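Please look through the sequence and the model below.

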Amino acid sequence: MTVKKIRALAVAAGVFFTTSCQHQAEPTGPERPGTPQSAVQQLPAQAQRAAWFRRVSPDVMALPGTVFADDDERTGLLVFGVEHDDVIPGVRAVLARLGVPPSSYRIVITEPVHFMDDLRDEYRPTLGGIQIAFKSFVCTLGFNVSSAGVASFITNSHCSSRIGTADGTDYFQPVKVVPPQFAQIIADEVADPAYFTGGDCSRGKRCRYSDAARAAYRAGISSDRGEIARTSGANNGSLTVVGDFTITEQGSYSGTTPTLHKVGRSTGWTSGSLGGTCLTINPFGSNVQLLCQYAVEGSGGTTMADAGDSGSPVFQVLSGTNVRLVGILWGGLNDGSNFYFSPFSAIESELGTMTATHP
């Protein structure tokens, strides 16, 4: 491997946070029984259909359980989306009252449309992959755990005020604000083992087997154990959260060259192939040495990780959205082509037994 600088991926705070909406491009779901199949042959004039749409849409969309209304130029029909069957009679009643013939519309069952959150937004309950802040920096919340019955989360040791010291670092989500009385502290660092010297550690270095620390949640802060935020797709740069991954297993990855994934507040969901295994790494600009670390390699110019992704959960997809948690990301190459993570076994060996799977 070409020698490049491996850097820790924390980033100074001072960013803006937005919420975006996603347009429902077209109705989905089965056509309900009783909808005329010959409607296309009985199209009203375009002007008549547009007039009906303007007249009926406000009343239809006032009904609970309606999702969308569309003057669909492709089919020449008015299309109304509803969440479930029980809404259909009410929609038909409104359309009949306002004089729209059954041949001129159809009603479909569809999923509700949600406002889409960003990985950098506020989350309660919290979950893996979202932004956290400390001091004047931001990192990523790795994953929620139960440790000796205490609700906690795991992030990087270097995402704290002092590495290798349980110094009570205050964590905010999504960001620390000024003045501090307007910021909500969600957790405090309670476990961050000291770095050691000697033994397998090179002379002049301070060593550990994981770049991990545990923060205990404060009273009243809710968290979802076993959940990782899921964006719209791997390696597409999106930070928009559309659902979640469920951690059903924790431990080592399976396979010789598996595909591994991460979700982080800066680059979202990225995936690549397992590269180097059990590497000894000297992170750039420090006297820290991390033993037996793992690399994930991207392809096609994908930026696998960037500043602020420190703490990202690393996982293997089992089936659908069920995943096995395998470690925590702490660094990457300066060109973004690789990221490096500490394995889950090392995290537990240094922080103690924990449960990260969904209850």
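How many aromatic pairs does the structure hold? There are 11 aromatic pairs. Rings of Phe, Tyr and Trp (its six-membered ring) pair if their centres lie within 6.5 Å; planes under 30 degrees apart count as stacked, over 60 as edge-to-face and the rest as tilted. This is a predicted model, in which local features need pLDDT of at least 70 and side-chain atom pairs count only at pLDDT 80 or more, while totals for chains, interfaces and linings use all residues. Residues are numbered from 1 along each chain as its sequence is written, and side-chain values use heavy atoms, with hydrogens and water left out.

One of the pairs joins Phe143 and Phe344: the ring centres are 6.1 Å apart and the planes stand at 45°, so the pair is tilted. Because Phe143 belongs to strand β10 (residues 143-147) and Phe344 to helix α3 (residues 344-351), the pair ties together parts that are 201 residues apart in sequence. Helices (H or I, at least four residues) and strands (E, at least two) are DSSP runs, numbered from the N terminus. Both Phe143 and Phe344 are buried, meaning under 20% relative accessible area, with exposed over 50% and partly exposed in between (1.4 Å probe, protein chains only).

The rings of Phe153 and Tyr171 have centres 5.4 Å apart and planes at 75°, so this pair is edge-to-face. Phe153 is in strand β11 (residues 150-155) and Tyr171 in strand β12 (residues 170-172), 18 residues apart. Phe153 is buried at 0% relative accessibility. Phe134, Phe137, Phe153, Tyr171 and Tyr217 form one aromatic cluster.
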